[in-house]
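Hello,

Here is the structure I promised to pass on. Have a look at it first, and then read my notes below.

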Amino acid sequence: MAGLVKLSKFALKISNKNSLGLVFRSASHWNKDWKPSPFPETQAEREAAAKKYGIPVEQYQPYPDDGTGNGDYPKLADISTERKDPYYPYDYPEVRRNFGDAMHVDTDLYSEDRHNNTPQRYSITFMLCCFLGLMTVSASIFIFLEDYKMFRPILPKQLPGKGKVHYTFSPVD
Amino acid sequence: MGNGITLALKPEVTPSPNQESQFDPLYGFPNGRKERVMIATEEEMISAKLPLENRDYCAHLAIKFQQCRKEVWPWAWKCAPEKHEYLSCQYEDWILRMKEYERERRLMERKERIRKRKEKQGE
């Protein structure tokens, strides 16, 4: 056993790859099979790519070939998981996805616990105006009422000090 | 709340809770008034590290109460009589301030009455 460990450590030193990679599958690392094919130039290549990703040819559209390395990966609509219909009978309802559906390039960004790009009911300007309007009105009322505070009908506390004389209400004997 | 509205609408006959009396404290007392007696000395209060807002006419009871708590701690309920004594003193102080406020209010109304009468006579 000790010899095996030593051997594996030695193998790690002599190669920059994981020496146990032959035995164990790396579930977290990059895999050459996940690499997209080169950018489709001809119509035949486009059709092949569309078939590979399970998308109709007329809907298939790759990312521009600008060196980002997306290759023939399809450009899908930016729809976050939360934006999808929750009542549709998906194969995987927890991620709102069907078997074989092509995944978005930024699918980790659009998962349900991350970004939600559902259109809002009101515009951000309207919401900002509502917020500022409410705060302005509240602050105005607050500032106006600063001079009209309620109080209990008593005079200030009588604190003794040098030269100060306070009186009770009982007469001197 | 009513006091705040009254002070805003009729400031001439409503005393402010933040201002001392503007009248002679002995006015209207033919037999005079007893002076309030401060029992705790300043040295005692400094020695007891009594907060400034507690250095009123009940300070000697506050010191007594704190001293008792320190002696019997953690059996703080044993100081219930001292606490009652101190809080009763504070209650009496509060009543006195209420009476002073009412006296101030009546004197202000009297002053206003006199002013109006003089105005009428001047016409």
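A word on burial before anything else: a residue is called buried if 20 or more other C-beta atoms lie within 10 Å of its own, exposed if 12 or fewer, and partly exposed in between, with C-beta atoms placed from the backbone. Helices (H or I, at least four residues) and strands (E, at least two) are DSSP runs, numbered from the N terminus. Please keep in mind that this is a predicted model, in which local features need pLDDT of at least 70, side-chain atom pairs count only at pLDDT 80 or more, and totals for chains, interfaces and linings use all residues. Residues are numbered from 1 along each chain as its sequence is written, while chains are lettered from A and ligands numbered from 1 in the order in which they are written.

Let me start with helix H3 of chain B. The buried residues of H3(B) are B:Ala59, B:Leu61, B:Ala62 and B:Ile63. They pack against helix H2 (42–47) and H4 of chain B. H3(B) has 14 residues and reaches 20 Å from its first C-alpha to its last, close to the expected 20 Å; that expected span is 1.5 Å times one less than the number of residues.

Which residues make up the largest nonpolar core? There are 8 of them: B:Ala40, B:Tyr57, B:Cys58, B:Ala59, B:Leu61, B:Ala62, B:Ile63 and B:Tyr86. H3(B) provides the largest share of this core, 4 residues. Such a core is a set of buried Ala, Val, Leu, Ile, Met, Phe, Trp, Tyr and Cys residues joined through C-beta atoms within 7 Å.

Leaving aside neighbours within four places in sequence, B:Tyr86 is in contact with B:Cys58, B:Leu61, B:Ala62 and B:Phe65.

Not counting residues up to four places away in sequence, B:His60 touches B:Ile39 and B:Ala40. The C-alpha atoms of B:His60 and B:Met38 are separated by 8.3 Å, and these two residues are 22 apart along the chain.

Chain B contains 4 helices and 0 strands, and 13% of its 123 residues count as buried. Chain A has 3 helices and 0 strands, and buried residues make up 6% of its 173 residues. Among contacts with a separation of 6 or more, residues 24 or more positions apart account for 44% in chain B and for 46% in chain A.

How do the chains meet? In the model, 29 residues of chain B are in contact with 20 residues of chain A. Helix H1 (2–9) and helix H4 (80–122) of chain B each supply at least two residues of the side that touches chain A, and H4(B) gives the most, with 8 residues. That side of chain B divides into 12 nonpolar, 6 polar and 11 charged residues. Here Ala, Val, Leu, Ile, Met, Phe, Trp, Tyr, Cys and Pro count as nonpolar, Asp, Glu, Lys and Arg as charged, and the others, Gly among them, as polar.

Some backbone details are worth a look on your screen. A cis peptide bond joins B:Trp73 and B:Pro74, with omega about 10°, and B:Pro74 sits in the loop between H3 and H4 of chain B. A:Arg96 has a positive phi of about 50° although it is not a glycine, and this residue is buried, with 20 other C-beta atoms within 10 Å. B:Lys49 also has a positive phi, near 55°, but B:Lys49 is exposed, with 8 other C-beta atoms within 10 Å.

Finally, confidence: pLDDT is the predictor's confidence in each residue, from 0 to 100. Chain A averages 86, and 88% of the residues score at least 70. Within chain A, the lowest mean, 68, belongs to helix H1 (residues 2–14), and the highest, 97, to helix H3 (residues 124–144). Where pLDDT is low, the predicted coordinates should not be read in detail.

Best wishes

Definitions and conventions. Contact = placed C-beta atoms within 7 Å.
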